[in-house]
Amino acid sequence: MAVRAERVSATREQILTAAERLFAEHGVFTVSNRRVSEAAGQGNNTAVGYHFGTKADLVRAIVRGHAERMEVVRRRMLAEIDGSTEVRDWVACLVRPLTEHLAALGNPTWFARFGAQVMTDPALREIMIVEALTSPTLLRILDGLSACLPRLPVEVRAERGEMTSQLMVHICAERERALAEGRPTPRSSWHDAATGLVDAITGLWAAPVTPGGETPRSGQEPTADPL
């Protein structure tokens, strides 16, 4: 029984690794379950469905595997900045768990590019948002950032949250792609890349608000991106 459990666990891990790489390089919906099974070394082409169910379930499993490890970094960083009123501290808590995780994975990695692919699809993007909202540390970070900016209109807050998400996802994805292809990058390490992102995002949140420019269109209430 123990041997079988180990075999199942190893098979699941092989599928997750193969799927993440293929989704990152080719997009989620252009890659079939059959192709993932083959890349994972599985003779049975239904292995993905057997172990994970739908493609959305597979995406969710990939997200959760990485989220658990980033949660550890967030807890550590939150303990270090407890009670801070500096925007930069809270922005660093958003950025560095991702970049530290990518650095720890070595090179090449695929998670940043996988995230960029997923965030371009409305249905899959919702999976990432829902998973993020289950993170107690991420919610604490967002609350801490919000408390530092009490006068920022809610519409502008939502807009800048979306900008922050886009910067984090796509800057990390482009750096990851350059590293995988052996191309030069603006910063020499993930740590330094995070510093550049923190600088830029801190400036974004501290930027002035043009009067009259924060009214939502069509009377719709804005929704904030949790990232």
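Predicted model: local features only at pLDDT ≥ 70, side-chain atom pairs only at ≥ 80, totals over all residues.
Thr30 belongs to the loop that runs between helix 1 (2–26) and helix 2 (33–39). The relative accessible area of Thr30 is 58%, so the residue is exposed, the cut-off for this class being over 50%.

Helix 1 also takes part in a pocket. Together with helix 4 (55–81), helix 1 gives two or more residues to the lining of the second largest pocket. The volume of this second largest pocket is about 240 Å³. Its lining is made up of 13 residues, and those nearest the centre of the pocket are Glu13, Thr17, Glu20, His66 and Arg69. Helix 4 supplies five residues, the largest share of the lining of the second largest pocket. By residue class, the lining of this pocket comprises six nonpolar, four polar and three charged residues.

Helix 6 spans residues 111–118 and is mostly covered, with seven of its eight residues buried. The buried residues are Phe111, Ala112, Arg113, Phe114, Gly115, Ala116 and Val118. For Phe111 the relative accessible area is 6%, and this residue is therefore buried. Phe114 counts as buried because its relative accessibility is 0%. Both values fall in the class defined as under 20%.

Aromatic rings were examined next. A pair of aromatic rings is described by the distance of the centres and the angle of the planes. One aromatic pair is present in the structure. In this pair, the ring centres of Phe111 and Phe114 are 6.1 Å apart and the ring planes meet at 25°, so the pair is stacked; planes under 30 degrees apart are assigned to that class. Phe111 and Phe114 are both part of helix 6 and are separated by three residues, or about one turn of the helix. An α-helix has 3.6 residues a turn, so residues three or four places apart point the same way.

A charged side chain and a ring are also placed together elsewhere in the model, at Arg175 and Trp190. Arg175 lies over the face of Trp190, at a distance of 4.8 Å from the ring centre.

Technical notes. Residues numbered from 1 in each chain as written. Heavy atoms only, no water. Helix = DSSP H or I, 4+ residues; strand = E, 2+ residues; numbered from the N terminus. Buried < 20%, exposed > 50% of the residue type's maximum accessible area, 1.4 Å probe, protein only. 1 Å grid on protein atoms, 1.4 Å probe; cavity = no way out; pocket = protein on both sides within 12 Å on 5 of 7 lines; lining within 4 Å. Points joined across faces, edges and corners; volume = space filled by probe spheres on them. Nonpolar A, V, L, I, M, F, W, Y, C, P; charged D, E, K, R; others polar. Phe/Tyr/Trp six-rings, centres within 6.5 Å; stacked < 30°, edge-to-face > 60°. Lys NZ or Arg CZ within 6 Å of the ring centre and 35° of its normal.
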